[in-house]
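Subject: Handing over a structure

Hi there,

Here is the structure I promised to pass on to you. Have a look through it first, and then read on for what turned up.

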Amino acid sequence: MESIEKINYGHKEIYLIKTAHVSKNSVDDVNRTIEEVRPDAICIELDSERMDTLNNQDRWRNTDITEVIKNKKVGYLLVSVILSSFQKRMAAKMDTTSGGEMAAGIAKARELGCELVLADRNIKTTFARIWHSLGFWEKGKLLSAIIMSIFDDEDISEEDIAKLKETDMLDVAMAEVAKNFPTVKKILVDERDMYLSSMIKNAKGDKIVAIIGAAHAKGIKNHIDEDIDIAKLNQIPEKKGLAAAIKWILPLAIIIIIIASLFINADVGLDQIKSWLLWTGSLSALGAIIAFSHPLTIAVAFIVDPLTTQHPLLAGGWFAGLCEAWIRKPRVKDFEDLAKDTDSLKGFWHNRVTHILLVVVLTNLTASIGSILAGIDIIKSFLGII
């Protein structure tokens, strides 16, 4: 079978089952291959959190949206919801279930009593490594590209699904994005190829079955004989030097310029303060308006952001999101309807869970743009008086 590939690593026989993640044939491939091989270990392309998601479909009900905001996990949750919705829509169009082949592998491991290996890197680590590798404008472009690709309503045919045998779901969502973001491909695909390869070849036993997205097969084979540093691949890089200092330098520079302007020409200094308040407050409020926030949330965004944009460790969107969550607290129904509501942009805004996430993201984004425009205006006026 083309979807099954055997490779040898020392005395081990490794069977790669290349799946489409939403194809009915993939589940059949898993069950048939495991029955024939009777492996010592079964490796699946999941981490512990995604396995918990697969086993606990009602996990959203236990989500505390305020804790998500406070713990700065809004971006992660938003992308997770988007990608989950994308997978479920494609699976529904093919009259199957997303992750069915992984569930089949888990069931077979229990049935045969063999070792089950969660072979993929933690999804949060992957997202964090991607996010830390991008600049401000790249992050904005990336989010836009993801949303545009996820909400593409083009019908998926059986022929399209057959082509998915050459890739996996996460890569489908990011395929066009990766062309413009080489770093994203490196972290999302190449690094995970290395991680999967190491976990699979180090699984216990002489016969190993690995259930993977087809896009990873080539990379796994290429790295199978390499000595891979798993700890390094699990590290979340911290921004150091200028990249870390610039978060403090720019706000401090704006404050110093305004104070200097007040001494040189008080009227100009006062105009600079007004400019900062209006640009950051208005743009932040605009983000809240775009997100269809409550009037009180819009007011909070307008008042808070001129202050938070001057503090590198704070973000006005957090306060706006917390306010929106207090006014329009998500109901159990909102969590239950996540999969259905995220099928469309209208549903995304309507569901209280995703609505609050959008309030945070859009308010932070527009506030950042406002601070840039205000900074340019302040610097121009300062240059005019020296």
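Let me start with E13, which counts as partly exposed because its relative accessible area is 24%. Here buried means under 20% relative accessible area, exposed means over 50%, and partly exposed lies in between, using a 1.4 Å probe and protein chains only. The areas themselves come from the Shrake-Rupley method with a 1.4 Å probe, and for residues only the protein chains shown count as cover.

Before going further, please keep in mind that this is a predicted model, in which local features need pLDDT of at least 70 and side-chain atom pairs count only at pLDDT 80 or more, while totals for chains, interfaces and linings use all residues. Residues are numbered from 1 along each chain as its sequence is written, and side-chain values use heavy atoms, with hydrogens and water left out.

Salt bridges

E13 pairs with K6 in a salt bridge, with 3.6 Å between the closest N and O atoms. A salt bridge here is a side-chain nitrogen of Lys or Arg within 4 Å of a carboxyl oxygen of Asp or Glu. K6 is partly exposed, because its relative accessible area is 45%. By this rule, there are 14 salt bridges.

Another one joins R38 to E35, where the closest N and O atoms are 3.1 Å apart. R38 has 46% relative accessibility, so R38 counts as partly exposed; E35, at 34%, is partly exposed too. These two also belong to a network of salt bridges that links E35, R38, K108 and E111.

R192 and D120 form a salt bridge as well, at 2.9 Å from N to O. This pair connects distant parts of the chain, 72 residues apart: R192 sits in helix α10 (residues 182–201), and D120 in the loop between β4 (115–118) and α6 (123–133). Helices (H or I, at least four residues) and strands (E, at least two) are DSSP runs, numbered from the N terminus. Both R192 and D120 are buried.

Nonpolar cores

A nonpolar core is a set of buried Ala, Val, Leu, Ile, Met, Phe, Trp, Tyr and Cys residues joined through side-chain atoms within 4.5 Å. The largest has 17 residues, and those touching the most other members are I17, V30, I42, I44, V209 and I211. At least two residues each come from β2 (12–19), α1 (24–37), β3 (41–44), α5 (100–112) and β5 (207–213). The biggest share is from α5, with four residues. There is also a second, separate core of 16 residues, with I7, I14, L196 and I224 among them.

What does I44 touch, not counting residues up to four places away in sequence? Its partners are M102, I106, L116, V117, L118, A119, D120 and I211, where contact means heavy atoms within 4.5 Å.

A buried glutamate

E324 lies in helix α16 (residues 316–327). E324 is buried, because its relative accessible area is 0%. Apart from neighbours within four places in sequence, E324 is in contact with F292, S293, H294, T297, K329, H355, I356 and V359.

I255, I259, F263, I264, I379, L383 and I386 make a nonpolar surface patch of about 730 Å². Patches are made of residues with over 30% relative accessible area and no salt bridge, joining like charges within 9 Å and nonpolar side chains (Val, Leu, Ile, Met, Phe, Trp, Tyr) within 5 Å. Helices α13 (242–264) and α20 (352–383) each supply at least two of the patch residues, and α13 gives the most, with four. F263 belongs to α13, and F263 counts as exposed because its relative accessibility is 74%.

Best wishes
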